[in-house]
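Please open the model in your viewer and keep the sequence panel beside it. The tour below moves from one selection to the next and says what can be found at each stop.

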Amino acid sequence: MGGTLVSGSTEGSGQILLVGSSGGHLAQLVALEPWYRNRSRAWVTFDTPDARSLLPGEEVVWAHHPTTRNVVNLIRNAFLALKVMRQRRVDAVITTGAGVALPFVVAARLRGVPTVYIEVYDRIDSATLTARLCRPFLSAMLVQWEEQRRMYPEATVVGNLL
């Protein structure tokens, strides 16, 4: 991943944007806490009770939901992503999916911001739709199981987050 994504001080740099639907996607991002603990960050997720309980005191941008088969919210989130990327200095977008990921990955890529997708741990036999859609816009694809490399040969195996 390179640069401030992996090591070193982030003093004077922008934010890491952690993007994920609430539920398991968000829980897997939260599990990265040892990595992001000392980094400037903001979250993009849905305004749900579990998200509020997992992110107390964190800076959160509430995305529009539901996203499954909801074109209106996809468009609303696309405008939200463009606004967030325009208003903030974002060093990287890290996401585990699902539906909220695509607009933020595309908006980041359009601005030359590195994008990292971490495939969820419970999809071993088939690729998620969001990962397939995001793939052309990614700087890096990470997986949690060696078996997931069948779907993503270019991916780096990082091990289980949960």
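## Salt bridges across the chain

A search of the whole structure, which is a predicted model, finds seven salt bridges.

Begin with Glu-59 and Arg-88, whose closest N and O atoms are 2.4 Å apart in a salt bridge. Glu-59 sits in the loop between helix 3 (49-54) and strand 3, while Arg-88 belongs to the loop between helix 4 and strand 4, so this pair ties together parts that are 29 residues apart in sequence. Glu-59 counts as partly exposed, with a relative accessibility of 36%, and Arg-88 is likewise partly exposed, at 23%.

Next select Arg-150 and Asp-125, whose side chains meet in a salt bridge with an N to O distance of 3.8 Å. The pair links distant parts of the chain, 25 residues apart: Arg-150 is in the loop between strand 6 (140-143) and strand 7 (156-157), and Asp-125 is in the loop between strand 5 (115-118) and helix 6 (129-134). Both Arg-150 and Asp-125 are exposed.

Then move to Glu-154 and Arg-135, where the side chains form a salt bridge at 2.9 Å, N to O. Because Glu-154 lies in the loop between strand 6 and strand 7 and Arg-135 in the loop between helix 6 and strand 6, the pair ties together parts that are 19 residues apart in sequence. At 44% relative accessibility Glu-154 counts as partly exposed, and Arg-135, at 30%, is partly exposed as well.

## Helix 4, seen from both sides

Now select residues 71-87, which make up helix 4; this helix has 17 residues and reaches 24 Å from its first C-alpha to its last, close to the 24 Å expected at 1.5 Å a residue. Colour Asn-73, Asn-77, Leu-80, Ala-81, Val-84 and Met-85, which are the buried residues in helix 4. If you look down the axis of helix 4, these buried residues fall within an arc of 130 degrees, so they line one face of the helix. What do the buried residues of helix 4 pack against? They pack against strand 1 (15-20), strand 3 (60-63), strand 4 and helix 5 (101-110).

At the start of helix 4, zoom in on Asn-70, where a side-chain oxygen reaches to within 3.3 Å of the backbone nitrogen of Val-72.

## Backbone geometry in two loops

Stay with the loop between strand 3 and helix 4, where Pro-66 lies, and display the peptide bond that joins His-65 and Pro-66, which is cis with omega at about 5 degrees. In the loop between strand 3 and helix 4 you will also find Arg-69, whose phi is near 55 degrees, a positive value in a residue other than glycine. Arg-69 counts as exposed, at 82% relative accessibility.

The other loop to display is the one between strand 4 and helix 5, which holds Ala-98; the peptide bond from Gly-97 to Ala-98 is cis, with omega near -5 degrees. As background to these stops, most residues other than glycine have a negative phi, and most peptide bonds are trans.

Select Thr-96, in strand 4 (residues 90-97). Is Thr-96 buried or exposed? Thr-96 is buried, because its relative accessible area is 0%. Leaving aside neighbours within four places in sequence, the contacts of Thr-96 include Val-19, His-25, Gln-28, Tyr-117 and Ile-118.

Follow that list to Gln-28, which is found in helix 1 (residues 24-30) and counts as buried at 2% relative accessibility. Beyond residues up to four places away in sequence, Gln-28 touches Thr-96, Val-120, Tyr-121, Gln-144, Leu-161 and Leu-162. A polar atom of the Gln-28 side chain lies 3.2 Å from the backbone nitrogen of Tyr-121.

## Confidence along the chain

Finally, colour the chain by pLDDT: the average is 91, and 93% of the residues score at least 70. Over residues 1-12 the pLDDT is below 50, although this stretch has 23 contacts in the model beyond near neighbours in sequence.

Conventions: Residues numbered from 1 in each chain as written. Predicted model: local features only at pLDDT ≥ 70, side-chain atom pairs only at ≥ 80, totals over all residues. Heavy atoms only, no water. Helix = DSSP H or I, 4+ residues; strand = E, 2+ residues; numbered from the N terminus. Buried < 20%, exposed > 50% of the residue type's maximum accessible area, 1.4 Å probe, protein only. Contact = heavy atoms within 4.5 Å. Polar contact = N/O pair within 3.5 Å; in protein donor to acceptor, adjacent residues only side chain to side chain. Expected span 1.5 Å × (residues − 1). Arc of directions from axis to C-beta. pLDDT = per-residue confidence, 0-100. Salt bridge = Lys/Arg side-chain N within 4 Å of Asp/Glu carboxyl O.
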